[in-house]
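Hello,

Please find below the structure that I am handing over to you. My notes on what was found in it follow.

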Amino acid sequence: MRFKFITFSTLISLGLGLSSCQNQSNPSAPEPDGTTPTDPTEEPIPVPAEPLPLVNSQGADTKEVEAVDQNYSSPDISQAIIPGLMENREDLGLCQEFRFESELTEAASNVYRVGEDEYLVHLVCGSTAYQLLQNYFLYRRDEDQFDLTPLPITYFYQDTDQQLIKETEVTRAGYSEYDPNSQTISIFTKGRGLGDCGSLGFYQFTGTDLSLNRFLLKDECDGNYIEPINYPQVYP
């Protein structure tokens, strides 16, 4: 699915900056087992205590990628892309499937320049009780037009028969981090507010898609917390 709009002049005129992420979620209701989820406004990622490790620091099977050359001839429009997309949100069909939070989108979304006229867009549309709802797009500018191509995210989960199921979707809940030097993305998704289960995926941005390199999964919400990087590896 690809979007094309003639709004580059609008993007340049906006030129709005992005502020730091301020997750604005209401306290979660009690879980079925009677426990109370961690308040995400106090502890967005209850674990680990240090920032979530990136792919290239965890020995994932990623190819070597040189840092993106910063010497571009065209102006950097990264600060104007999110405001421009939000101005045309309905026409582009963005953030339509759940409650849209405009302030959260402006604060938590990110844009990374990955080429002369190409940008990796991390678009946050809203939040669940304890994590963000996010999409990744490849934004390509061509004079006064742009293409916006969704980058689907592949993940695994276990069904009621404990069978491993593979899914690919455009929107993924959780917290993600991008390393521009290796062009890798890590996405940590909590299974519930307590943070005692969930998944951690490692993805390589290839220039055209997000290639899954490694996926860790702890599907059993048993009250026993372990750091996500120590979850069992289910892929490859």
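Thr 171 lies in strand S8; strands here are DSSP runs of E with at least two residues, helices are runs of H or I with at least four, and both are numbered from the N terminus. This is a predicted model, in which local features need pLDDT of at least 70 and side-chain atom pairs count only at pLDDT 80 or more, while totals for chains, interfaces and linings use all residues. Residues are numbered from 1 along each chain as its sequence is written, and side-chain values use heavy atoms, with hydrogens and water left out.

The side chains of Thr 171 and Asn 135 are joined by a polar contact of 2.9 Å. A polar contact is a pair of N or O atoms within 3.5 Å; within protein, one must be able to donate a hydrogen and the other to accept it, and residues adjacent in sequence count only if both atoms are side-chain atoms. Leaving aside residues up to four places away in sequence, Thr 171 touches Phe 98, Leu 133, Gln 134 and Asn 135 (contact means heavy atoms within 4.5 Å).

Thr 184 is found in strand S9 and has a relative accessible area of 1%, so it is buried (buried means under 20% relative accessible area, exposed over 50%, partly exposed in between, with a 1.4 Å probe and protein chains only). The side chain of Thr 184 makes a polar contact of 2.6 Å with that of Ser 182. Thr 184 and Tyr 203 are 19 residues apart in sequence, yet their C-alpha atoms are 5.6 Å apart in space.

S9 (residues 184–190) pairs with S10 in the antiparallel sense over seven bridges; two strands pair if DSSP finds at least two bridges between them. In this pairing Thr 189 stands opposite Ser 199 in S10. On S10 and strand S11 (residues 210–218), the pairing is again antiparallel, over eight bridges, and Leu 200 stands opposite Leu 216 in S11. S10 and S11 form a hairpin with four residues between them, and Gly 207 in the turn has a positive phi of about 105°.

How many of the eight residues of strand S10 (residues 198–205) are buried? The count is eight of eight. Gly 198, Leu 200, Phe 202 and Gln 204 point one way from S10, Ser 199, Gly 201, Tyr 203 and Phe 205 point the other way, and all are buried.

Now the aromatic rings. Rings of Phe, Tyr and Trp (its six-membered ring) pair if their centres lie within 6.5 Å; planes under 30 degrees apart count as stacked, over 60 as edge-to-face and the rest as tilted. By this rule there are five aromatic pairs. One of them is the tilted pair of Tyr 112 and Tyr 178, at 4.5 Å centre to centre with 45° between the planes. This pair links distant parts of the chain, 66 residues apart: Tyr 112 is in strand S2 (residues 110–113) and Tyr 178 in strand S8 (residues 171–179). Tyr 112 counts as partly exposed because its relative accessibility is 22%, whereas Tyr 178 is buried at 7% relative accessible area.

The rings of Tyr 139 and Phe 146 are stacked, because their centres are 4.8 Å apart and their planes are at 15°.

Finally, two arginines. Arg 89 lies over the face of Phe 100, 4.0 Å from the ring centre, and the charged end of Arg 172 sits over the ring of Tyr 155, 3.9 Å from its centre. A charge sits over a ring if NZ of Lys or CZ of Arg is within 6 Å of the ring centre and within 35 degrees of the ring normal.

Regards
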